[in-house]
Amino acid sequence: MERLNSKLYLQNCYIIQENERLRKKAQLLNQENQALLSELKQKLSKSSNKKTNSNSLPDLNLSSTSSTANSSKP
């Protein structure tokens with residue numbers, strides 16, 4: 001019985017460590033997602049200001065050195 005408890009305890013510790021690792025990864029991905037969303041909004045805003053006609057699509061390939069230089073990539 002004690003051996004089973006020890007085994008379950010070790011499994012629990014491993015699961016807790018794995019959860020913490022995944023939580024940190026999720027936080028980093030969320031930060032990256034927020035940075036990309038902000039960059040996209042800036043590009044859409046810039047392109048809508050420069051729109052020549054109402055049927056044109058926004059150019060998502062516009063270069064923005066400030067937002068790409070500040071975003072961290074893993």
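Which backbone oxygen lies 3.1 Å from a polar atom of the side chain of Ser47?

1. The backbone oxygen in question belongs to Leu44. Ser47 itself is part of helix H1. Its relative accessible area is 12%, so Ser47 counts as buried. The model is a predicted one.

2. On the overall fold, the chain contains two helices and zero strands. Of its 74 residues, 7% are buried. The chain exposes about 6,900 Å², and 54% of that area comes from carbon and sulfur atoms.

3. Three salt bridges are counted. One of them joins the side chains of Glu18 and Arg21, at 2.7 Å from N to O. These two residues are three apart in helix H1, which means about one helical turn separates them. Glu18 is partly exposed at 24% relative accessible area, and Arg21 is partly exposed at 44%.

4. Another salt bridge links Arg23 with Glu20, with an N to O distance of 3.5 Å. Both residues lie in helix H1, three residues or about one turn apart. Arg23 has a relative accessible area of 47% and is partly exposed; Glu20, at 36%, is also partly exposed.

5. Glu39 and Lys43 form a salt bridge as well, their closest N and O atoms being 3.3 Å apart. They are four residues apart in helix H1, about one helical turn. Glu39 is buried, because its relative accessibility is 11% and the limit for buried is under 20%. Lys43, at 13%, is buried too.

6. A nonpolar surface patch is formed by Met1, Leu4 and Leu8, which together have about 350 Å² of accessible area. Leu4 sits in helix H1, residues 2-49, and is partly exposed at 46% relative accessibility.

Definitions and conventions
Residues numbered from 1 in each chain as written. Predicted model: local features only at pLDDT ≥ 70, side-chain atom pairs only at ≥ 80, totals over all residues. Heavy atoms only, no water. Patch = residues over 30% accessible without salt bridge, like charges linked within 9 Å, V, L, I, M, F, W, Y side chains within 5 Å. Areas by Shrake-Rupley, 256 points an atom, 1.4 Å probe, with all protein chains shown as cover. Salt bridge = Lys/Arg side-chain N within 4 Å of Asp/Glu carboxyl O. Buried < 20%, exposed > 50% of the residue type's maximum accessible area, 1.4 Å probe, protein only. Polar contact = N/O pair within 3.5 Å; in protein donor to acceptor, adjacent residues only side chain to side chain.
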